[in-house]
Amino acid sequence: MYQYDEFDQTLIDERVTQFRDQTARFLAGTLSEDEFKPLRLRNGLYVQRFAPMLRISIPYGLLASKQVRMLAHIARTYDKGYGHFTTRQNMQFNWPAIADVPDILADLASVQMHAIQTSGNCIRNLTSDHLAGVAKDELVDPRPYCEIARQWATFHPEFNWLPRKFKLAFSSSTSDRAATRVHDIGVHIVRNAAGELGYTIFVGGGLGRTPIIGVQIREFLPEVDLLSYCEAILRIYNRLGRRDNIYKARIKILVKETGVETFRQMVEHEWQQIKDSYLKLLPEDLARMKGHFLEPAYAPDADQDASYAAHLASDSAFAAWTRRNLKEHRVPGYSAVFASLKAKGVAPGDISAEQLDAVANLADQYSFGEIRATHNQNLVFADVAQKDLYPLWQALREQGLATPNIGLLTDVICCPGLDFCSLSNASSIAVAEEIFERFESLDDQHDIGEIKLNMSGCMNGCGHHSVGHIGILGVDKKGEEWYQITLGGSSENDASLGDRTGPSVSRADIADAVQNLIETYLGVRSSEDESFLACYRRVGMKPFKTRLYAEAEAAA
Amino acid sequence: MSTLIYKGQLEADPYVELDDATAVEFGGHFIVSMARWRKDYSPLSISGSRIGVRIPNTVELARDWMILARLPLIVLEFPSFADGRAYSQARTLIERCGYEGELRATGAAVVEDQIQFMLRCGFNSFELRADQDPEACLQAMNTFSLAYQRAADTIEPVFARRRARSA
Ligand code: SF4
């Protein structure tokens, strides 16, 4: 993975010094609350319902074991012993004291980590495919491009005070695991007909209050032009994005109000003037960065191991886990292993300090010392040899990290909701729990198959509800918690936004509602191979709606 | 009177800002609005005074460059702490148009926490917000000794240092 050189290190060290000074001025009363706020947000520090919340950057979700140990240390030393992985591949701590944050940032800097631009109206931490470098359907490893873009975006002097937050995501595979179409800029790394590498650029996607799927504004951008094109988009946005209304300030609104064609012309015009500037990457820049992401020393005979087949035959619980929690690796004899953070009784994405330490040790032992966070709030050991799968599973099971539910109904995406977030209308974690209990039986879940249930506590959509196959959004009705349901969303290559079922459902009825939807699906699907999403796309809203509201009326 | 930093030094401000109704006298230093400059471009150009122009952050400068090129002073506005439009205007003026005169930042964001990024985008003149400590602002211009991006200041960017090292 990427290793800092002395330049990167100097920059994050200077950032810690700067923030220490800002915090001291705030605590001394010489920096106002109003102005400290955007400054602390740019270091990931929110002030939440009960306490501050610190969001730590995990660029494109990649962590070294020593960084995971540092997260454990922070959880223990400054927090209540656990942390929370977010839907943006970052980590959040919910209980640090403001005065401690400079020390936390200094600790992070000692292992090449930071919280820079994890919030605020600036270019945010960028995200990518959690299977980057190992996926079978991958064209090239997107991470070198992510790192190039990360450095360009970090402390960009022109784009630190944008109208609103700005998110980039990278993908380079046939199935988009990075939800690029719901980002302000989505980059697909592609090859053109002539065999040259480059990018297809999407712009103006986003979730939240006005969910929109990003539109393609350039079919093929040459590999060396990544930064100039992004800079052109950002400059147009910084100049013309709306600043009069926070709900209309994202670039998606600018694109919509300007019209895609006009917006494209403006970007192209700006780009023409800067594309041959110093922003052009040199082949050596790309080569140097790619050199940071060389493949690990895979054992050439990994697939010769016979113990794996024996364990599969003798241990059905292990076999069940391998069916759900392994993904095929491009190297024979290796797998990408998912550690589920969706165990019963645990808020989705939460992880304790002990678990973090265990994960770090297991990464060292079985996966070349690296771990990845996914935007579905799970963890991935990306390079596990076949012979190590059984001991790894056993160790994960001891830690409560081996729930075999990846991609199933209880693998919900869920924001912290009422429990932590001051913006929330309705609790999301408690609902996740209820659904977990109802569908705990794995056989039932297997029967239901691949499904994405996404939940957000409010319109901001941190739980990506609008792209859930089933989406649940907390709404406030006269001080009571209600839930708006959508069906048919997807964040993959076939990205789409969910359709509303109708009136919202009460707190008491939401788990029943989900069950009704699932039962309807099981009744109308054409075969076991037709997924919930495919089924919904075929039969439409009607049977789901009929069942959902018939039950509600009967109950009323 | 507010404090001015120009080219890295505390300086007295020779310019006087005029509202659109006040006549420009001969031989002074005056700042006028963009609207007035557009309207009275010819008479003001030969007024025998040094004229600076104050430009709202909504103006697209590349389009107006013809009438701005020879100005000794351009003032760009930061109407609120978080409104960063003038950062883009500054880079356009300096890097695209090649403006070489005094480029002044004014308004609510001209504070120690933003001054280095303004410097990086090409401002060389800062009308500090009234509550600012001038010494702290001067120091804050060097908060970061390095940068990832090339910009309008003198910091040699990280990518160029890496290229030089591996050359
Ligand atoms: S979706 Fe709303 S409630 Fe949930 S974390 Fe985001 S802002 Fe908070």
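User: In the crossing of α1(A) and α7(B), what is the handedness?
Analyst: This is a predicted model. The crossing of α1(A) and α7(B) is right-handed.

User: How many residues are charged in the contact of α1(A) with α7(B)?
Analyst: From α1(A) come E6(A), F7(A), D8(A) and L11(A). They meet V158(B), R161(B), R162(B) and R165(B) of α7(B). The contact has 3 nonpolar residues and no polar ones. The charged count is 5.

User: Helices α5(A) and α6(A) also pack; what term describes α5(A) relative to α6(A)?
Analyst: Helix α5 of chain A spans residues 143–153, and helix α6 of chain A spans 226–240. They pack at about 45 degrees, with axes 11 Å apart.

User: How many nonpolar residues are in the contact of α5(A) with α6(A)?
Analyst: On the α5(A) side are Y145(A), I148(A), A149(A) and W152(A). On the α6(A) side are L226(A), L227(A), C230(A), E231(A) and L234(A). The contact holds no polar residue and 1 charged. The nonpolar count is 8.

User: How many charged residues are in the shell around the ligand?
Analyst: The ligand is surrounded by chain A residues, among them C415(A), C421(A), C458(A) and C462(A). The surroundings also include P416(A), L423(A), S424(A), S456(A) and N460(A). The shell divides into 6 nonpolar and 6 polar residues. The number of charged residues is none: no charged.

User: Is H464(A) buried or exposed?
Analyst: H464(A) sits in the loop between β17 (453–456) and β18 (470–477) of chain A. Beyond its neighbours within four places in sequence, H464(A) is in contact with T87(A), L207(A), H375(A), N454(A) and S456(A). Its relative accessibility is 12%, and the cut-off for buried is under 20%. So H464(A) counts as buried.

User: How far apart in space are H464(A) and C414(A), C-alpha to C-alpha?
Analyst: In sequence, H464(A) and C414(A) are 50 residues apart. In space, their C-alpha atoms are separated by 8.0 Å.

User: Q377(A) has a positive phi; is Q377(A) buried or exposed?
Analyst: Q377(A) is not a glycine, yet its phi is about 65 degrees. The residue lies in the loop between β14 (370–373) and β15 (379–385) of chain A. Its relative accessibility is 0%, so Q377(A) counts as buried.

User: And K7(B), buried or exposed?
Analyst: K7(B) too has a positive phi without being a glycine, at about 50 degrees. K7(B) lies in the loop between β1 (4–6) and β2 (9–11) of chain B. Its relative accessibility is 59%, so K7(B) counts as exposed.

User: Which elements do the buried residues of α3(B) pack against?
Analyst: Helix α3 of chain B covers residues 61–68. Its buried residues are L61(B), D64(B), W65(B), I67(B) and L68(B). They pack against chain B elements: α1 (34–39), α2 (41–45), β5 (50–55), β6 (73–78) and α4 (85–97).

Methods. Residues numbered from 1 in each chain as written. Chains lettered and ligands numbered in written order. Predicted model: local features only at pLDDT ≥ 70, side-chain atom pairs only at ≥ 80, totals over all residues. Heavy atoms only, no water. Near = heavy atom within 4 Å. Nonpolar A, V, L, I, M, F, W, Y, C, P; charged D, E, K, R; others polar. Helix = DSSP H or I, 4+ residues; strand = E, 2+ residues; numbered from the N terminus. Buried < 20%, exposed > 50% of the residue type's maximum accessible area, 1.4 Å probe, protein only. Contact = heavy atoms within 4.5 Å. Axes fitted to C-alpha atoms, helices over the stretch in contact; angles between N-to-C directions. Left-handed = near helix turned anticlockwise from the far one by under 90°.
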